[in-house]
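Subject: Structure handover

Hello,

Here is the structure for you to look at. My notes on it follow below.

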Amino acid sequence: MKIDALTIFPDYFAPLQLSLLGKAQERGIVEFGIHDLRDFTTDNHHSVDDTPYGGGAGMVMKPEIWGAALDTVMTHESDLIILTPAGRRFNQRMAEQFASASHLVFACGRYEGIDARVGEHYAKENFRVHEVSIGDYVLGGGEVASLVMIEAITRLLPGVLGNPDSIVEESHAQDGFLEYPNYTKPPMWRDIPVPEILLSGNHAAIATWRAEQAKKRATEQS
Ligand code: JD8
């Protein structure tokens, strides 16, 4: 899979060289391309924004800069993902769907956002365009949101995770992520013991206990 990200802050994407994502790139499972939007400006000040039509606070990102940048990476095999607080809420099912794509292009806006005609243009030209949000809170731009999506998607690609069974477990979670509490050595820590059942070796009883604990946690957090 090829993943391109367009941004005025390319340094935000340094984490892609770390950990699982870095290894996935070394193994050729995924290829990342990070593009500085200012490389596509034509004025001396490398302007990427301008005042909004209709008035209002803040600045809007210029469509011609985005068009010049996106035209260098987009093909009809691409999925263009425009991050925006108004987008469709990202979830595991969308991560699974995007994990089957061949080319993802993340448009990371700043300021008040990207001129709406950018998404409209590529949709009109029959490209797949997705407006996505990672949650009901306001970030300063799309970079962190795209990193969240890239991690959630990339970890699903074959060969990225050492133990693919964990993906199978996650995908079988019925109501969201029923995650049970985890424990490791020592068996006693600051006078807190590991639950006896986990030391019993009775795998059926352990599975039942874990399901009960996950359900209890989900109820407490809802
Ligand atoms: C893209 C610009 C900042 C947003 C004025 C603050 C996603 N879950 C999410 N929260 N926020 C974003 C997000 C924020 C962005 C951009 C995504 C581009 N901003 C703007 C509107 C109000 N500033 C997001 N995914």
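Helices (H or I, at least four residues) and strands (E, at least two) are DSSP runs, numbered from the N terminus. This is a predicted model: local features need pLDDT of at least 70, side-chain atom pairs count only at pLDDT 80 or more, and totals for chains, interfaces and linings use all residues. Residues are numbered from 1 along each chain as its sequence is written, and side-chain values use heavy atoms, with hydrogens and water left out.

Most residues other than glycine have a negative phi, and most peptide bonds are trans. Asn 126 sits in the loop between H4 and strand E7 (128-133). Its phi is near 65°, a positive value in a residue other than glycine. Asn 126 has a relative accessible area of 64%, so it is exposed. (Buried means under 20% relative accessible area, exposed over 50%, partly exposed in between, with a 1.4 Å probe and protein chains only.)

Asp 191 also has a positive phi, about 65°, although it is not a glycine. Look for Asp 191 in the loop between E8 and strand E9 (192-193). Asp 191 is exposed because its relative accessible area is 73%.

Lys 185 and Pro 186 are joined by a cis peptide bond, with omega about 5°. Pro 186 lies in the loop between helix H6 (165-171) and strand E8 (188-189).

Helix packing

Two packed helices are described by the angle between their axes and the distance between the axes. Helix H3 (residues 92-99) packs with helix H5 (residues 143-154) at an angle of about 70°, and their axes are 8 Å apart. That makes H3 roughly perpendicular to H5. (Axes are lines fitted to C-alpha atoms, for helices over the stretch in contact, and angles run from 0 to 180 degrees between N-to-C directions. Angles under 35 degrees count as roughly parallel, over 145 as roughly antiparallel, 65 to 115 as roughly perpendicular and the rest as oblique.)

Ala 95, Phe 98 and Ala 99 of H3 make the contact with Met 149, Ala 152 and Ile 153 of H5. Contact means heavy atoms within 4.5 Å.

Two threonines

Thr 154 is in helix H5. Thr 154 counts as buried because its relative accessible area is 0%. A polar atom of its side chain lies 2.6 Å from the backbone oxygen of Ile 150. (A polar contact is a pair of N or O atoms within 3.5 Å; within protein, one must be able to donate a hydrogen and the other to accept it, and residues adjacent in sequence count only if both atoms are side-chain atoms.) Not counting residues up to four places away in sequence, Thr 154 touches Ile 3, Leu 21, Ala 24, Val 30, Phe 32 and Val 160.

Thr 41 is in the loop between strand E2 (31-36) and strand E3 (49-50). Thr 41 has 12% relative accessibility, so it counts as buried. Its side chain reaches the backbone oxygen of Arg 38 at 2.7 Å. The side chain of Thr 41 also makes a polar contact with the side chain of His 46, at 2.9 Å.

In helix H2 (residues 63-71), the buried residues include Ile 65, Trp 66 and Leu 70. The buried residues of H2 pack against several elements, among them strand E1 (2-7) and helix H4 (117-124).

Gly 28 is in the loop between helix H1 (19-26) and E2. Gly 28 counts as exposed, at 60% relative accessibility.

Best wishes
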